[in-house]
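Subject: Structure handover

Hi,

Here is the structure I promised you. Please open it and keep it in view while you read on.

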Amino acid sequence: MLIGICGSICAGKHTTAEYLVQHHNFLRLHLPTPTQLHSEPSTSQTQDHLRLLPSVTDQVGTRGLSFPDVDSLLDFVTKRWREHWVLTDLYDEATLEMLLRRPFFLLINVDAPVGVRYGRFSERCRKRNLSPMPLEVFVHHNDLQLYGAKFTTSPNTSPTHLSSSKRSALAPLLSHAHLSILNIHPSPSAYHHFLGTLDLPSPTRLRPTWDAYFMTLASLASHRSNCMKRRVGCVLVHNARIISTGYNGTPRGLVNCNEGGCPRCNAASSGGTGLSTCLCLHAEENALLEAGRERIREGAVLYCDTCPCLTCSVKIAQVGVKEVVYSQSYNMDEASRRVLREAGVELRQFVPKRSGLVGFDFSEEELDGNGHDQRHKQGQLVVLNGRT
């Protein structure tokens, strides 16, 4: 596994890498840093360079392995991909594109509010017996790293022109991140404990489980929905093979719900009310109709991104589906659970590993006296109906 980490100044990129080294036996890999200054650096530029150096001692030449280019790095890792490697030297899209092609690569972005990062930066400077640069100069360096364009004017004046020279830039890399972490933790130890809840080295972050795979497909199917009330997607599976898919909306030949085809949905009726007047077929119904009774074999599993309603639960029980897996709750869950239990259909809620932007819901109440994250680890399956 190769984890690449990108992040803004003092966001915690190297602290994240250090966590992987200390707690999961990762080894640092290094690529050359692009040259930002083409002329001999001035005294002030040298001072800024010292201020901007990462806090951790894991620098190039102290630990880890260095490579002249990404090709040689990939040649090395491909033969050892089952081992754990971490790379923080990511500066341009061309390098990232080569890494993203490999099934063993995971990209993490680490960020924090600029005020928090400037506070960390100032404290780091004081520990080095250096005076912190002013906030506007810090923001200037941050913009240079993020957008790869250098202002030709002083940071103290309004920028009027961006240089056209090609530079490395962080911004184009961020949209490719598999996981984005908001690091507002008060200390490295508290941040390390938070990282421990994410299970970063898990193989399922590289290759999803069947549950995660089919639930992602159900969510994707929901984007075809035209229902004005709620997007829902569904996938019907047998022996890990897709039988049919479905999404909710008006039947074939009728005007789409989002074009006024269903008066009930367009009247913004409350959820679960007036269903007898609704013209929209549910995602589960569409999937079952598409499959047909003869194709729904024993042991079929229905994945739906929302728990089935009572009406759909009755039909699911009738056609012989043996298991229903859902991700989001609905207001009829108890009634649906009761019907499915009596019919011998297992109902499970799938809770995926935390992905996307994590750390945004962090609060002081979720810390103990040592600054440790008290939330439970996620990524498990919640089994309902009393089954284990």
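First, one term: two residues are in contact when heavy atoms of theirs lie within 4.5 Å. Please also keep in mind that this is a predicted model.

Start with leucine 29. This residue sits in strand β2. Which residues does leucine 29 touch, not counting residues up to four places away in sequence? They are Leu2, Leu65, Phe67, Leu73, Val77, Trp85, Val86, Leu87, Thr88 and Asp89. Buried means under 20% relative accessible area. Leucine 29 has 0% relative accessibility, so it counts as buried.

Next, helix α1. It covers residues 13–24 and has 12 residues. At 1.5 Å a residue, it should span 16 Å. The buried residues of α1 are Lys13, His14, Thr16, Ala17, Glu18, Tyr19, Leu20 and Val21. What covers them? The cover includes strands β1 (2–7), β2 (27–30), β4 (85–87) and β5 (105–111), along with helix α8 (188–196). After α1 comes asparagine 25, with a positive phi near 60 degrees.

Now the nonpolar cores. In soluble globular proteins, nonpolar side chains tend to be buried together. Here, the largest nonpolar core has 25 residues. Leu236, Leu288, Ile296, Leu302, Ile316, Val321 and Val324 touch the most other members. At least two residues of this core come from each of β7 (233–238), α11 (283–291), β9 (301–306), α12 (310–319) and β10 (323–328). Helix α11 gives the most, with four residues. A second, separate core has 22 residues, among them Leu73, Leu90, Leu99 and Leu173.

Take isoleucine 316 as an example from the largest core. Leaving out residues up to four places away in sequence, isoleucine 316 touches Glu284, Leu288, Leu302, Pro308, Val321, Val324 and Leu340.

Last, glutamate 323. It lies in strand β10. Is glutamate 323 buried or exposed? Its relative accessibility is 17%, so it counts as buried. Its side chain makes a polar contact with the side chain of arginine 348, at 2.4 Å. Beyond its neighbours within four places in sequence, glutamate 323 is in contact with Ala300, Val301, Leu302, Val345, Glu346 and Arg348.

Best wishes

Key
Residues numbered from 1 in each chain as written. Predicted model: local features only at pLDDT ≥ 70, side-chain atom pairs only at ≥ 80, totals over all residues. Heavy atoms only, no water. Expected span 1.5 Å × (residues − 1). Buried < 20%, exposed > 50% of the residue type's maximum accessible area, 1.4 Å probe, protein only. Core = buried A, V, L, I, M, F, W, Y, C linked by side-chain atoms within 4.5 Å. Polar contact = N/O pair within 3.5 Å; in protein donor to acceptor, adjacent residues only side chain to side chain.
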